[in-house]
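Welcome! Here is a short briefing to read alongside the sequence and the 3D view. Take a look at the structure, then follow the points by topic.

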Amino acid sequence: MEQSRDELFEQVAAAIGYSFDGEIAIGGKYVSTIEHEDEIYVSGQIPRVGSTVVVTGRVGAETSLEQGKLAAKICAMRALALLQRSLGDLGRVKKILRITVYVQSAPDFTQQSEVADGASEVLHTVFSSSGVHTRTSVGVLQLPKNAAVELDMIAVVESATQDNGAQD
Amino acid sequence: MEQSRDELFEQVAAAIGYSFDGEIAIGGKYVSTIEHEDEIYVSGQIPRVGSTVVVTGRVGAETSLEQGKLAAKICAMRALALLQRSLGDLGRVKKILRITVYVQSAPDFTQQSEVADGASEVLHTVFSSSGVHTRTSVGVLQLPKNAAVELDMIAVVESATQDNGAQD
Amino acid sequence: MEQSRDELFEQVAAAIGYSFDGEIAIGGKYVSTIEHEDEIYVSGQIPRVGSTVVVTGRVGAETSLEQGKLAAKICAMRALALLQRSLGDLGRVKKILRITVYVQSAPDFTQQSEVADGASEVLHTVFSSSGVHTRTSVGVLQLPKNAAVELDMIAVVESATQDNGAQD
């Protein structure tokens, strides 16, 4: 029997060893997600679980490529956890239009794409072919709270009411 | 009596001590805003007033957190001034989908979110609950003209003609 | 007789001395373009031609402003080559909503806008007045494969079926 996306989400959470059941705290005077018509924008996510940023530092220096990839996975999981809370369940996600992955990098670290692959793998595991997405990954100097990675997302939502043109 | 958003905009301008009445100059071979259906994209804004970039340098080094926050406010005000010019008045802004805030940062400066709060505060003051937005803030190495902050925006516009499907 | 956009594309390719006829390789577990309704998102492009990144390094240090501008042109040409492959021909591009240009920068290099002008010039040459766009250009610490520039894009597509509301 095919597993639901929410079940796959829980499997990824178990595999990387973190729970995303608690409150997804974000700082600042903004919101986690905004829906407009059939699109949903997700604010930039850092690898925070509960109140702890679990992967910090410059990838390629004090933080390894593997740790960076884990950070990207956690950012993607947070984004999905926010979609879950906003939409009810991940079954309503139709496609992912864009992720942008910012990697706090050592000056000579050029494997930002490999770090971002961590996020892409999560999307593929949970959404299968609907998880294909466009992606931009860049190496930045610093991120909020010394996070190793930050990720934002734009997704398209399957709307039960999408035929009546009144979903906004 | 409730104040209009344009009045609130002028109050913020007075409070931070800059006028946004003049031409909003941008460099390069692009435009400040583009509308598509009910969305409007605003090009990356630096804290330029008239022909002067009023907050430059690395936040966390030669530029303080407070100055960085002021820079973020000025960037947000420029974006709103461009929306005003393009839409006629700010009353037509329905919501803010996304702001991305790039902070020119010292290597160990990790308070990009606090800098970006300056922009979020402006949006809250002018738009109240319609000013909620998703946000991404990152720390970059350098910005055009040594600007301390750069901000871009996607907003949704209330269109008088939105029912006839011909607003593009 | 007016030249088609595809002809203008080939002229720009000849002028900068690179061919974009081959496969447009991208790394990682994502796709080059995704269409949603009448918008098309293009993944971040680096100045790769075939399997070679032809402009690498920090602009303002080992890489000159002119080389950076060339890199931005190549990134824009790659994005257009991907639009061509996805849409059939560039005649279907209605407008460019946004380009974001990330410039791998020396710490004191502040001419990111001038680098990004390379991309804007390509859009103007190929699309003329339909090539106007909003733009954000920032200076980042590092980019995948040590690329000098990375660029992503959101465009609007002229759809033959746009009247029936079923283009998704």
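This is a predicted model: local features need pLDDT of at least 70, side-chain atom pairs count only at pLDDT 80 or more; totals for chains, interfaces and linings use all residues.

A salt bridge here is a side-chain nitrogen of Lys or Arg within 4 Å of a carboxyl oxygen of Asp or Glu.

**Where chain B meets chain A**

- On this interface, 34 residues of chain B touch 29 residues of chain A.
- About 2,400 Å² is buried between chain B and chain A, and carbon and sulfur atoms give 54% of that area.
- The residues of chain B that lose the most area to chain A are Arg98(B), Thr110(B) and Arg135(B), which together make up 20% of what that side buries.
- The interface of chain B and chain A has 1 salt bridge, along with 14 residue pairs in polar contact (both at pLDDT 80 or more).
- To trace the side of chain B that touches chain A, look at E2, E5, helix H3 (112–127), E6 and E7 of chain B, each of which supplies at least two residues.
- By class, that side of chain B holds 13 nonpolar, 11 polar and 10 charged residues.

**Where chain A meets chain C**

- Here the contact takes 34 residues from chain A and 29 residues from chain C.
- The area buried between chain A and chain C is about 2,400 Å², with 54% coming from carbon and sulfur atoms.
- Arg98(A), Thr110(A) and Arg135(A) supply 20% of the area that chain A buries against chain C, more than any other three residues.
- Between chain A and chain C there is 1 salt bridge. Arg98(A) forms a salt bridge with Asp152(C), and their closest N and O atoms are 3.9 Å apart.
- Residue pairs in polar contact between chain A and chain C number 14 (both at pLDDT 80 or more).
- Strand E2 (39–45), strand E5 (93–104), helix H3 (112–127), strand E6 (134–140) and strand E7 (149–157) of chain A each give at least two residues to the side that touches chain C.
- The residues on that side of chain A divide into 13 nonpolar, 11 polar and 10 charged.

**The sheet in chain B**

- Chain B has an open sheet of 5 strands in the order E1-E2-E7-E5-E6, with mixed pairing.
- Strand E1 (33–36) and strand E6 (134–140) of chain B stand at the edges with a single partner strand each, so one side of each has no neighbour in the sheet.
- From one strand to the next, the twist averages 15 degrees.
- Strands E2 (residues 39–45) and E7 (residues 149–157) of chain B pair in the antiparallel sense over 5 bridges. Within this chain, Glu39(B) has Val156(B) in E7(B) as its bridge partner.
- Helix H2 (residues 65–87) of chain B lies across E1, E2, strand E5 (93–104) and E7 of chain B, running at about 35 degrees to E7(B).

**The sheet in chain A**

- In chain A, 5 strands form an open sheet in the order E1-E2-E7-E5-E6, and the pairing is mixed.
- Its edge strands are strand E1 (33–36) and E6 of chain A, each pairing on one side only.
- E5(A) and E6(A) run parallel and are joined by 7 bridges. Ile99(A) has Arg135(A) in E6(A) as its bridge partner, and Arg135(A) is also among the three residues named for the area that chain A buries against chain C.

Technical notes:
Residues are numbered from 1 along each chain as its sequence is written. Chains are lettered from A and ligands numbered from 1 in the order in which they are written. Side-chain values use heavy atoms; hydrogens and water are left out. Contact means heavy atoms within 4.5 Å. Buried area is the accessible area (1.4 Å probe) that two parts lose on being put together, summed over both. A polar contact is a pair of N or O atoms within 3.5 Å; within protein, one must be able to donate a hydrogen and the other to accept it, and residues adjacent in sequence count only if both atoms are side-chain atoms. Helices (H or I, at least four residues) and strands (E, at least two) are DSSP runs, numbered from the N terminus. Ala, Val, Leu, Ile, Met, Phe, Trp, Tyr, Cys and Pro count as nonpolar, Asp, Glu, Lys and Arg as charged, and the others, Gly among them, as polar. Two strands pair if DSSP finds at least two bridges between them. Axes are lines fitted to C-alpha atoms, for helices over the stretch in contact, and angles run from 0 to 180 degrees between N-to-C directions.
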